[in-house]
Amino acid sequence: MRNPVAPLVLLPALAMCGCSSAPSKIELPVLASYQSVESYGFVALEAEATLSGSTDVREFLAAAQDYALARGIEVKGAEPSADSRIVVSADDDGAYLAGLYRSGVQIDELRLAGLSEADAQRAIDEMLLLWHPPDLGRKPRGPVPEFALRPTSYAVKKDSFFALMKDNVEHMNIGHQSWHQLASRTPSFSWEAFPREWDVVPGMSRDDFRNVRYEFRIYPAHLKGIGYRVRASALEEASGLTEPHYTLQEKLDFCRQYMWTVRAVFELNGVPRQTEWAGAFNLYQSMQEKPWFSRRNLRRTLAARFDPSSYFFTVRSPKNPFAEACVYH
Amino acid sequence: MNTSVNVCRLGALLGVVLLVACGGPQTRIDGRQYVAVKNPEQPKNVMLVLGSYSGCAPEDRECRDRLPVLAKLQAEFESCIDSGLGRTAPQVTLVRHARWGESADLERLIAELAAGKPVSADRLAPAEIGFELDYLVSIGVEKSSSDKEFVAEIVAADPGAAAGPIIIPPTVVWGFGQQWTNTAAIKTRVFSARTGKLTGELSADLTEDAFWVLPVITVIPLVPISWSPDVETKSCKEMGEALGRFFSGAGNQYLE
């Protein structure tokens, strides 16, 4: 049985791919196309001939296929007759590209850092599953953009220069996101429920969004270069959450820095979709940084320099009762 | 190479030893408490035993011959721990035992503590060790230095000038030297002398930059400058303060 898969009509995105126009001109058509709901058969994964002998590529395709199946998308091997295909190839500079084709027309392209299992999952996530709300045509209301779920257990803030200097300049994060001080070693996190008011565009109803679940992850943070990054493996993760909140099961260590994120996973008119992993992507408001800049190959901005996980929400665990002050490094 | 290292090096090259700036890193304290400290405000007797030092444990044969050395180290650690305890827990008395190396029982006890073995309460009874004891703290110390890195840097350069018949020669202020890091890692295990149970574990880690540098003006060497912080004593005192907070009940509400 063929499952309907991601509803993408991204023809407008084809024109945008690789260009570097002003972000405001790009955002609308991409977002508008993501709202469309349409089934288009099954997805075929393949590698171009020059790469087909590579073990890495075969492992990549297998990982992508397993992950897609786990997310409810039927994936088959290379079949020219497939309505949609994801083709992996290598760029001239050695970078890998994952291209999404529909009816023989490339409608999306993603640059991959490598061919790891994480890259395979990212390809499926971003090319087939991602949900973007419409462009609201307004200035960002805070550090967290509308396409991400906003924390409700506390307000994400940005440190002033003086606060950074007073506190400790070594805590300076990308965008100067404040480190929220947790009061408990098993804290509770909450976030806004999905769908939000603005997710339901004209022509849709809340009933179109079904089986909404949340996935939560919290990672140890570590300083790398000029900002913080998440560790490769999560400290704790939870999926299938029916309510927009989660309490950690394991105790956090004292005096540690962590980064957490959340996303909604749901069905839109029967097809699997999910929101972006949430983060404070609007901290550089003048830059209008957004994760999809790098996805759309818009690599000339500061946004392209940092992985979206650099913007996950930053928190500190409670102070060590045996120490006068926390020492984080 | 991080900024603080550059600041230290630049300061040294300029002849201004930025001790405050270079001494920025603090001791990182970690801890876990398993049993609450009863009556934290009441006076307590605590005994400290140096279980291991830089990988040399008393039960090792080669370390047995170094007992006088370990006895000296024991006394040094007792002093710095006591100094820290005095700041955060004046009600705690560090009972110094003068029988190090003389008592086979105590030696075995220390070896077992260092190995993390459970110790029965009767072995910590007053009759066994000679005085009333509330807690016994075994301490392990690892001290190390990183590889030394050669550094050469030009601080300022004046190309010189010709002012009429007077020629000012070029002047370069530069220097060379080495930089490295000193690290001290202290781990303590706190046992209840009443029950013999492990009641908590604390650790203190400190890494600080060290260097020596010879400033030179063109070809004229100046006085060499060196800085090698005593991370062991500093982290030991902070461990003493942390132990003081432990015995004062600061962690009673955060039991594992």
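A: In this predicted model, B:Cys80 and B:Cys236 form a disulfide with 1.8 Å between their sulfur atoms; a disulfide is defined as a pair of cysteine sulfur atoms within 2.5 Å. The link of B:Cys80 and B:Cys236 is right-handed, with 75° about the S-S bond. Because B:Cys80 belongs to helix H4 (residues 67–88) of chain B and B:Cys236 to helix H7 (residues 231–247) of chain B, the pair ties together parts that are 156 residues apart in sequence. Helices (H or I, at least four residues) and strands (E, at least two) are DSSP runs, numbered from the N terminus. Both B:Cys80 and B:Cys236 are buried, where buried means under 20% relative accessible area, exposed over 50%, and partly exposed in between (1.4 Å probe, protein chains only).

A search of the whole structure finds two disulfides over all chains. A:Cys255 and A:Cys326 also form a disulfide, with sulfur atoms 2.0 Å apart. The torsion about the S-S bond of A:Cys255 and A:Cys326 is about -70°, so this disulfide is left-handed. A:Cys255 lies in the loop between strand S11 (245–247) and strand S12 (257–268) of chain A, and A:Cys326 in the segment after strand S14 (313–316) of chain A, so the pair ties together parts that are 71 residues apart in sequence. Both A:Cys255 and A:Cys326 are buried.

Residues are numbered from 1 along each chain as its sequence is written, and chains are lettered from A and ligands numbered from 1 in the order in which they are written. For this predicted model, local features need pLDDT of at least 70, side-chain atom pairs count only at pLDDT 80 or more, and totals for chains, interfaces and linings use all residues, while side-chain values use heavy atoms, with hydrogens and water left out.
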